[in-house]
Structures are given as C-alpha cells and as structure tokens.
Amino acid sequence: MGRIGDFPQNGDWAPHLHFQIITDLLGWEGSFPGVALPSQMPVWRSISPDPAHMLALPSGSTYTPEQDATALESARRTHLGPNLSLSYSRPLHVVRGWMQHLYTEDGQAWLDCVNNVCHVGHAHPDVVAAAHRQASVLNTNTRYLHSNLVQYAERLSSMLPDPLEVCFFTNSGSEANELAIRLARTFTDRRDLVVVDVAYHGNTGAVVEASPYKFDGPGGSGRPEHVHVAPLPDTFRGPYRAEEPGHTERYAAGVEAALEAAGRRGGAAAFLHESLLSCAGQIELPEGYLELAYAAARERGAVCIADEVQVGFGRVGSHFWGFETQRVVPDIVTMGKPIGNGHPLGAVVTTREIAEAFANGMEYFNTFGGNPVSCAVGLAVLDVIEREGLQERAARVGTYLKKALNELREHHPVIGDVRGRGLFLGIEFVRDMQDREPLAEVASYVVERLKEHGILLSTDGADHNVIKIKPPLVFEESDADRVVDALQRVLAEDYVQHARNDIHGRA
Ligand code: PMP
C-alpha cells in the first residue's frame, strides 16, 4: 500500500502502521502498547474487538485460541495410556518447530536444547521437501524395485568403515536394536546378551529385557536370566574414578565378567552398548574401554553391537559415529532418532557374513521399513549434514559451550561435572566433590527454572541428577551464550544456594 520508512527507523522491525480499535484506552495517551505478554492475552482480547467482524474477513483470518492446554491434558488422560508422560510441571502445547526453536500455542519461542531427533533443525525445508516430493509420487514397500532404497543403502554404508556394508531398514531405534539382537542370535546360535548398566535400548520386548534402565527401574521385573550386566563405566561417581590409574581396565574387566557369566549358560550372542551413554547420564566411555571390551567379547564368540541411536550422525563433532571415538569397528551398528530428522526411520548396518547367516530361509519383511519416502528423507538428512557442515558445527559450538559450562562450574560447586563431546553434553549436580551425593532435586529445579527463561532441557542418569544437552545441530554460539547466562542466574537463586547450605547444616 505504501512505504513508511526504513527498517532501522523501527528498531530493525519492518516499519508498519498499527491500526487498532480498542474499547478502553486504559488511561494511555499517545503511544499505545503494540505487543503484550501471553499471560495478559485474556485482558487485551476482552477490550479488543475482533477485526474479522468489522472487515467481513473469512473465518480463520484472525487468531482464535486452540483448545487450551488443560483441556488437552484431560483429553489425553481419557484416551491415552496413563504412563505416557509429559515434560515439565506445566506441560507445553507446542504447535510449530523451526530449526533450534519450538513455538507454543501462545506464540512464545523456546530454545530446544534437548531434541536430538530433529538433528538438522525442526522442519528443515530440504527434508520436508524431500518427503513431500516422494510422498506425492509413490510410497510402497520394499518388494518392488526402487532407486531410493539402493541409493540410500549405498550412501549410508559408504559412511561406515569396512566391513560394515549391508543395510536393513526399520521404523525406530527400538526396532533396529530388536533386529540387531535377532541378527546376532542367528549368527552365533546363542541367546544371552551382555549390556552396560543403566542402558536404555528401546521399548519393544527383547530390548526392554536388554535395558537395565527399564528392568531395574519403576515397574520393571528385574534382570532376565539371559541378560548379563557390566558395571556402568562412570569415572565421575562410579567405583573407579578418572584420577585412578587402571580405571579403564577395571571397567572393561566388568564386561569380561559378564561375558564369563554368559559363558556358563552357553555364551553371549552379543555385547550391546551405546557408544556414549545417554540415559545413563551423558557419559563418555573411558579412553580404550571399547577396544578391551570388544576383544573380550570376540574372544568368547560374541558379536559387538554399537547402538548409535542417540549419538550417531555427527553429533559428537570429532567423528561422524560415536564408536569411532573409541577406535573400534562394531559388527552391527544400529541407528534411529536423528537418521530421519523426526520421520520414523531406523537402520541396522552389518557385515556381509552376519547378513548372510541371517538369511536362513526366513524372509525379512518390514511393511514400512525402507519405503521410498523414508529413504528420500534419510538421503536429504545426510545431504543437509554435509552441505551445512553440521558435524563441524557440533564440534565448534559444543567445545565453546563446554568451556563456558566448565567456567561456570568453577564458581558453582553444585556442578560436579561437565562432560561430553560435541553437542552431546551433560551437567551433573552433586552435594559436594567429596561424597558426590547426587542432587536430583537441584537438577530438576534448574530444568524447570530454565524453562521459565524459554530454554528446554531435561534430566537423566541413574539418579536423575544430570542435565542433558543435545540440541539440533544448527545450535549457535549465541544460543550457547543464552543457556550459560540463564544457568548462571538460576544457580544464584536461593533454592540452589540452600541446597548447598544444607550440606553445612547437615555436617
Ligand atoms: N537406543 C537408545 C540409546 C535410545 O536412547 C533410544 C530411545 N531413547 C532407543 C534406542 C529407542 O529408540 P526409539 O524410541 O526410536 O524406538
């Protein structure tokens, strides 16, 4: 309609005419507020007539609030399983995602520091376009020839070291681990498994049985006989600490002991592990641990499965795959979450020998796994990681953030440890550095308070005292600054200070 000025004249917002009819000027004269806090919305709406009525606009042209969060929460309770949990004491009603931000129904933006699924950014346009393009043409199963399937398998296996060259596609990380276990069992003709304590490998039958996080957690029925658990190699709070010489060997000896226990029942089919531990509390394996554990497993005829569902695809920055940080080559690698940037996709990549043993006459059919749309999405994700240099960015921004968190740690003894690699970091809260008693209540307080600063994080670990940081890889230095700045404020609050003072009270 016309020009009314340049951007700098309006604080770099598009200069615009703000025309507003209001039934009460509330005593204001001259300049009138153009924006308001979401919490004040009901008041402003009550004195601002809907322009759609005056301008005869079609319905939907002006804002009408969706169902409110309370109604949604109660509908969930009515129609969904009661153990489907929600994050935060006041759950968020998220309606939009864009790169490292989520947007709630009230228009607020939230910095997403925990969603490692939308790896290349929420709603990345290239990934969305790839899905849309292929879904507009064809989506069907793998019993027909399709170039997306072979292109994707070729590309994915080219990103792995030899002899990992045969792909199977699934719809989730759980399904990938479930299939990996079947491959290992068929190949070795054994049933038992060795896993690491507090590990989580997914929600289906065989993998819940292989997840101490679940079977030893609330509602779990304990360790099944065929599963043998190696101690959690936690060098901060575990029995062998980083400063203790020989800690790697001692933790690896724990894997050996678990393999021996399996040996008394006919031997382990597989040693299944994450390459950096996530649910167990963002733990980096001690240097050299997997080399020793793999040697012990292979000596006893077990295959080695690396679960890269959380940490694969460049997240750790220094390497594309987590297992590469330990200089080992697994026999089977499983993938999920980031592989499809939010599209339900998973994969298993293994050796020719294992794949051939699995082809024992029984067909492997998976209705959705490897469909043309999923493969198009998987290819687009790999393209974006490469084109946007996201692995390098994870290294750069992750190092920057870790350094700043470590500086914060020097002034806040409640932070016992800052650890991790790339954009896979953890902050562990403890009462003091002597006993290292976990402070779960401080970790969850900090998460709730950071949420009030518009920052989304969550806690995990055996004692739930670790904040996990694993944002989409498009995370920037300025985002890291924002997290550190808000964290610094929250750590200065009375609640956190008293949690520390309590120590002196108790002593
Ligand atoms: N493995 C690991 C290490 C995981 O963290 C998860 C999910 N949190 C899974 C497997 C299962 O993946 P999904 O939920 O996609 O089935």
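The legends below describe close-up views of a predicted model. Local features need pLDDT of at least 70 and side-chain atom pairs count only at pLDDT 80 or more, whereas totals for chains, interfaces and linings use all residues. Residues are numbered from 1 along each chain as its sequence is written, and side-chain values use heavy atoms, with hydrogens and water left out.

**View 1. The largest nonpolar core and Met335**. A nonpolar core is a set of buried Ala, Val, Leu, Ile, Met, Phe, Trp, Tyr and Cys residues joined through side-chain atoms within 4.5 Å; buried means under 20% relative accessible area (1.4 Å probe, protein chains only). The largest such core has 100 residues, of which Leu156, Met335, Phe429 and Val446 touch the most other members. Helix H12 (residues 372–387) gives the most to this core, with 9 residues; helices are DSSP runs of H or I, at least four residues, numbered from the N terminus. Beyond its neighbours within four places in sequence, Met335 has contacts (heavy atoms within 4.5 Å) that include Leu156, Leu160, Val309, Phe313 and Trp321.

**View 2. Residues around the ligand**. Among the 13 residues around the ligand (a heavy atom within 4 Å), Ser174, Glu274, Asp307, Gln310 and Lys337 come nearest. A side-chain N or O atom of Ser174 is 2.4 Å from a ligand oxygen atom, and one of Gln310 is 2.7 Å from a ligand oxygen atom. A ligand nitrogen atom lies 3.0 Å from a polar side-chain atom of Lys337.

**View 3. Strands E2 and E3**. Strand E2 (residues 101–104) pairs with strand E3 (residues 109–112) in the antiparallel sense over 3 bridges; pairing requires at least two DSSP bridges. Leu102 has Trp110 in E3 as its bridge partner.

Technical notes: Buried < 20%, exposed > 50% of the residue type's maximum accessible area, 1.4 Å probe, protein only. Helix = DSSP H or I, 4+ residues; strand = E, 2+ residues; numbered from the N terminus. Polar contact = N/O pair within 3.5 Å; in protein donor to acceptor, adjacent residues only side chain to side chain.
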